[in-house]
Amino acid sequence: MNDLPAIRFERVVKYLGGRRVLDRVDFEVHRGEIFVIVGSSGSGKSVTLRHMVRLLTPDEGEVWVGDECVSRARGAQLARIRDRFGVLFQGAALLQWMTVYDNVALPLREKTSLTEEDIEQRVMGQLRLLGLEDAVDKYPADLSGGMQKRVALARAVILNPAIILYDEPTSGLDPVTSRRIDDLILSMSRRYGLTSVVVTHDLHSALAIGDRIALIHQGRILEINTPAQFLRSENEVVRAFLDAQYITRRGAWETEVDSETRPNS
Amino acid sequence: MVLHEPDHFEPPLNFFAALGRRILLACRNTGRGTVILLQAIWALRFMLSRRNRREVLMQLFVTGIKSLGVLTVVAMFTGMILALQTGLELRRYGQEVNIGTLVCTSMVREMGPFMTALVIAASVGSAIAAQLATMTVSEEIAALEVMSIDPVRFLVMPRLAALLIMMPMLTVYTNILGVVGGAIVGWTQLDVPMSAYFDNAIQYVRNKDLYVGLFKAAVFGAIIAGVACQQGFQATEGAVGVGIATRRSVVISFLTILAVGYMITRLFYA
Ligand SMILES: Nc1ncnc2c1ncn2[C@@H]1O[C@H](COP(=O)(O)OP(=O)(O)O)[C@@H](O)[C@H]1O
Ligand SMILES: [Mg+2]
């Protein structure tokens with residue numbers, strides 16, 4: 001049972017808006033790894049992620065979580081599978097009329113019978129861990145994008161899920177905050193031995209945090225590889241993707257200024 | 001699950017295909033709204049539980065207070081118009097003292113619940129639709145579903161409870177103000193003394209009128225909640241979708257309230 005992959009996609013096909021958005025997507029996410037899916041926008045990353053918690057159902061193929069088929073689960077079984085997940089949505093998806101504290105406490109209040117004191121202890125512990133203790137009484141609208149994502153991360157992990165899904169955790173954030181989020185993803189996954197699936201178009205963070213990287217392009221997975229091999233890939237689309245973000249074969253991250261001023265290297 | 005897979009349809013071939021599709025979609029949405037409403041009614045049993053109490057109170061407050069100003073004006077003018085236009089007619093026969101009965105029964109039976117429902121649908125209902133639509137397009141509803149927190153119990157039930165409780169209360173308020181508005185017109189425009197007006201008003205209104213009116217008000221409240229929530233959960237495509245959901249929720253509630261109001265009157269008085 002333990003050598004089962006955490007998540008398995010079996011030739012998943014999905015049509016949305018009359019287009020084939022996922023085209024026979026096949027991959028496995030191993031237990032305890034950080035699996036990064038990269039691709040340009042509109043390539044089907046979010047759609048892939050949404051299949052894992054059955055916010056979408058495949059038109060063909062199946063999605064397995066451990067030994068259960070999530071794409072056929074309903075009712076109590078679906079709830080049980082979803083309980084294994086924490087999801088960080090692209091826009092953080094915090095409830096706007098609740099304070100940071102109440103947002104993070106929500107899963108505990110709704111799904112456990114803990115007393116308010118226990119809840120407070122856990123919520124404050126989690127918020128401290130993410131450096132959010134000053135924001136406790138603020139409302140999401142008063143927070144920066146990076147802070148909102150950290151609050152959403154606190155909410156996603158408060159019930160100790162086994163798998164965390166991150167939808168573009170660093171998009172729209174400045175480089176410094178992005179690296180902080182990367183560090184958080186790494187430390188979360190190391191601390192609790194979590195399985196993480198990260199969807200991003202930011203190759204820098206993919207290379208920094210990923211155990212394996214998958215490139216999705218027009219609904220197809222073109223390549224799944226470790227970061228080192230990914231950098232050396234001969235696949236045209238992968239190369240174009242790397243070049244677009246000024247990443248060389250050696251993994252040196254050139255800045256825009258560097259590559260312009262340096263004579264042809 | 002309140003979220004559904006996104007629809008996609010090929011462009012219709014001709015007018016009839018387009019019409020047929022609209023009818024089918026309308027039926028499907030009615031069905032979805034009804035299911036949400038029934039689930040929310042079933043969830044009303046958690047209304048007073050520790051988890052939901054705060055939200056229910058909050059919604060009661062929002063529903064009750066938000067539209068009180070508009071409702072006051074609408075109620076007064078409804079009574080005044082009723083009094084004026086029937087009063088002028090009755091004066092030709094020297095019967096203007098009977099406007100009391102006319103205003104009071106029309107308000108209690110029909111106009112009170114109806115006007116209240118229109119005002120509440122336009123203010124509270126549209127606000128519910130806009131809020132839930134915003135939550136839908138910003139993936140907040142998806143986040144709730146993934147956390148296995150039932151959006152119907154968590155979001156719809158408190159709003160339904162508030163509407164079911166506040167609609168009859170606001171209707172009583174509308175009725176009273178309408179009758180008072182009629183009295184003012186009767187006194188200033190038609191020389192009907194206040195005491196005669198009120199005697200006349202109270203004498204002929206039956207308990208049944210009051211009960212049916214309040215029942216209507218509660219049904220209208222449920223309609224407003226069901227339509228607004230269904231439209232909110234169905235929103236797509238960002239800010240544009242929120243606008244569409246809001247507008248549709250108002251239009252559809254208006255039409256449904258009219259039709260159902262007619263049927264209830266028919267049921268109890270014909
Ligand atoms: N609800 C929907 N209705 C129609 N088309 C959709 C829907 N959701 C996604 N798509 C389409 O699927 C494709 C992939 O979307 P998505 O996975 O969100 O992209 P990304 O890789 O940027 O996350 C896009 O081209 C988008 O147009
Ligand atoms: Mg996306």
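1. Two strands are said to pair if DSSP finds at least two bridges between them, and helices (H or I, at least four residues) and strands (E, at least two) are DSSP runs, numbered from the N terminus. In these terms strand β3 (residues 34–38) of chain A and β9(A) pair in the parallel sense over 4 bridges, with Val36(A) standing opposite Ile213(A) in β9(A).

2. The model is predicted: local features need pLDDT of at least 70 and side-chain atom pairs count only at pLDDT 80 or more, whereas totals for chains, interfaces and linings use all residues. Residues are numbered from 1 along each chain as its sequence is written, chains are lettered from A and ligands numbered from 1 in the order in which they are written, and side-chain values use heavy atoms, with hydrogens and water left out.

3. Strand β9 (residues 212–217) of chain A also pairs with strand β10 (residues 220–225) of chain A, here in the antiparallel sense over 5 bridges, and His217(A) stands opposite Arg220(A) in β10(A). The two strands form a hairpin with 2 residues between them, and Gln218(A) in the turn has a positive phi of about 50°. Taking buried as under 20% relative accessible area, exposed as over 50% and partly exposed as in between (1.4 Å probe, protein chains only), 5 of the 6 residues of β9(A) are buried, so this strand is largely enclosed by the rest of the structure.

4. Over all chains the structure holds 25 salt bridges, a salt bridge being a side-chain nitrogen of Lys or Arg within 4 Å of a carboxyl oxygen of Asp or Glu. In chain A, one of them joins the side chains of Arg80(A) and Glu68(A) at 2.7 Å, N to O; the pair links distant parts of the chain, with Arg80(A) in helix α2 (residues 75–82) and Glu68(A) in strand β5 (residues 68–69), 12 residues apart. Arg80(A) is partly exposed at 46% relative accessible area, whereas Glu68(A) is buried at 11%.

5. In chain B, Glu55(B) and Arg159(B) meet in a salt bridge at 3.6 Å, N to O, and this pair links helix α2 (residues 50–66) with helix α6 (residues 151–189), the partners lying 104 residues apart. Both partners count as buried, Glu55(B) at 16% relative accessibility and Arg159(B) at 1%.

6. A further salt bridge in chain B brings together the side chains of Glu110(B) and Lys216(B) at 2.9 Å, N to O. Glu110(B) lies in helix α4 (residues 99–137) and Lys216(B) in helix α8 (residues 207–233), so the pair ties together parts that are 106 residues apart in sequence. Glu110(B) is partly exposed at 28% relative accessibility, while Lys216(B) is buried at 2%.

7. At the interface, 24 residues of chain B are in contact (heavy atoms within 4.5 Å) with 33 residues of chain A. Across the interface of chain B and chain A there are 4 salt bridges by the rule, and the side chains of Glu110(A) and Arg153(B) meet in a salt bridge at 2.2 Å, N to O. The elements that give two or more residues to the side of chain B that touches chain A are α2, α4, α5 (140–146) and α6 of chain B, and the largest share, 6 residues, comes from α5(B).
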